[in-house]
Amino acid sequence: MYAIDLTGIGMWIESNVQGIAEKVFIDKIPKALPTNLATYLYLQLNGRVMDYGAFKRLSATINVVAKDRQPGYANKTEINRMVNEVLAKFPLRNDDKGWVVSLPSVQPSRTITGFSYASITVTIQINK
């Protein structure tokens, strides 16, 4: 049996994407967001770990979220900026822990009430 430090992986990814948006949330978003929050990242780790013997693999989703410029008009400029800044970070490597985060795949932006977002799915490989 082995233990995967999902919290540690999430915090490590968070530290690597700090500064791209105003705030980074891991696994849950507070029910009441600050009203002045215009951009944030939402990191979701998939708890399903695939064991390949020599390494383990799981996936995560990084949602980049920006407040709409005005109702019904997505802030695509800000979404594209954040997506490009996140993609520029890859691949992420932590040689001490044996973690590699790579293979980013971007899903097009969508709009939810007052905010627009794009999703970036990444693969996390654990070599130790």
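Residues are numbered from 1 along each chain as its sequence is written, and side-chain values use heavy atoms, with hydrogens and water left out. Because the model is predicted, local features need pLDDT of at least 70 and side-chain atom pairs count only at pLDDT 80 or more, while totals for chains, interfaces and linings use all residues.

The protein has 2 helices and 7 strands, where helices (H or I, at least four residues) and strands (E, at least two) are DSSP runs numbered from the N terminus. Read from the N terminus on, these elements follow the order α-β-β-β-β-α-β-β-β. The radius of gyration, taken over C-alpha atoms, is 15 Å, close to the 14 Å that the globule rule (2.2 Å times the number of residues to the power 0.38) gives for 128 residues, so the protein is as compact as a globular protein of that length. Along the principal axes, its C-alpha atoms fill a box of roughly 50 × 25 × 20 Å.

Of the 128 residues, 39% count as buried, that is, under 20% relative accessible area with a 1.4 Å probe and protein chains only, whereas exposed means over 50% and partly exposed lies in between. Among contacts (heavy atoms within 4.5 Å) between residues at least 6 apart in sequence, 53% join residues at least 24 apart.

Valine 86, leaving out residues up to four places away in sequence, touches Ile20, Leu41, Ile62, Val64 and Ile120.

Lysine 89 lies in the loop between helix H2 (76-87) and strand E5 (92-94). With a relative accessibility of 34%, lysine 89 counts as partly exposed. Apart from its neighbours within four places in sequence, lysine 89 is in contact with Asn16 and Ile20. Between lysine 89 and proline 104, which are 15 residues apart in sequence, the C-alpha to C-alpha distance is 10 Å.
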